[in-house]
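Here are some notes to read beside the model. They go from the overall fold to single residues.

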Amino acid sequence: AELPLLPRRNECFVAASEVNHVGKGVWLAGLGHTPNGSSLVVPKFLRSTFLWDHVRVSGGAYGVGTTLNLFSGTFTAFSYRDPNLTRTLDAFNEMAGFLCKLSLDKDTLTRAIVGAIGDFEPHQLADAKGFNSLLWYLNGVTDEYRAARRAE
């Protein structure tokens with residue numbers, strides 16, 4: 001089913017807190033890109049390199065993360081306990097330029113792929129396996145679908 005487009009707008013939620021939680025997202029399908037299994041390498045790589053260096057280390061945020069939802073086609077970047085809202089948003093805006101200029105050697109690319117697969121298929125205890133199996137079943141995610149994403 002096609003998701004309805006929401007109106008484009010900038011939003012800010014104000015809360016009584018000494019630090020910010022900053023996020024930015026994009027609906028990739030709206031830009032003509034349908035994410036697949038190989039796309040999962042990008043958020044993991046951004047999180048552990050560019051965003052770690054620019055938002056966590058030099059920006060002072062307590063943490064930084066990314067998500068890519070293969071079903072909805074949405075990509076998000078976020079920080080938490082972040083003292084530098086503007087700097088973090090600037091870093092989020094610079095992610096695409098970083099990726100466009102990026103050149104990886106084979107070993108670095110292999111590590112990024114292995115890391116992405118580890119996020120996609122993490123080690124789980126029995127209760128988590130049961131819960132995730134239920135979620136996969138309810139969402140129509142088959143073993144074949146998961147194998148295809150890994151292979152991509």
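1. Overall content. This is a predicted model. Its secondary structure comes to 6 helices and 3 strands. Followed along the sequence, these elements give the pattern β-α-α-β-β-α-α-α-α.

2. Dimensions and surface. The C-alpha trace spans about 45 × 40 × 35 Å along its principal axes. The protein exposes about 10,700 Å², and carbon and sulfur atoms supply 58% of that area. Of the 152 residues, 27% are buried, where buried means under 20% relative accessible area.

3. Contacts along the chain. Take the contacts between residues at least 6 apart in sequence: 65% of them join residues at least 24 apart.

4. Helices H1 and H3. How do these two helices pack, and at what angle? Helix H1 covers residues 41-48 and helix H3 covers residues 85-101; their axes are 12 Å apart and the angle is about 105°. H1 is therefore roughly perpendicular to H3, because angles of 65 to 115 degrees count as such. On the H1 side the contact is made by Val42, Phe45 and Leu46, and on the H3 side by Met95, Phe98 and Leu99. The residues of this contact divide into 6 nonpolar, no polar and no charged.

5. Salt bridges. Side chains of opposite charge can pair when their charged atoms come close. The count of salt bridges here comes to 2.

6. The pair Arg146 and Asp143. These two residues form a salt bridge in which the closest N and O atoms are 3.0 Å apart. Both lie in helix H6 (residues 143-151), and because they are 3 residues apart there, about one helical turn separates them. Are the two partners buried or exposed? Arg146 has 12% relative accessibility, so Arg146 counts as buried. Asp143 has 54%, so Asp143 counts as exposed.

7. The pair Glu152 and Arg149. In this salt bridge the closest N and O atoms are 2.8 Å apart. Arg149 is buried, with a relative accessible area of 15%. Glu152, at 38% relative accessibility, counts as partly exposed.

8. Pro122. Where is this residue found? Pro122 sits in the loop between helix H4 (106-120) and helix H5 (126-138). Its relative accessibility is 38%, so Pro122 counts as partly exposed. Pro122 and Ser58 are 64 residues apart in sequence, and their C-alpha atoms are 29 Å apart in space.

Technical notes
Residues numbered from 1 in each chain as written. Predicted model: local features only at pLDDT ≥ 70, side-chain atom pairs only at ≥ 80, totals over all residues. Heavy atoms only, no water. Axes fitted to C-alpha atoms, helices over the stretch in contact; angles between N-to-C directions. Helix = DSSP H or I, 4+ residues; strand = E, 2+ residues; numbered from the N terminus. Parallel < 35°, antiparallel > 145°, perpendicular 65-115°, else oblique. Contact = heavy atoms within 4.5 Å. Nonpolar A, V, L, I, M, F, W, Y, C, P; charged D, E, K, R; others polar. Buried < 20%, exposed > 50% of the residue type's maximum accessible area, 1.4 Å probe, protein only. Salt bridge = Lys/Arg side-chain N within 4 Å of Asp/Glu carboxyl O. Areas by Shrake-Rupley, 256 points an atom, 1.4 Å probe, with all protein chains shown as cover.
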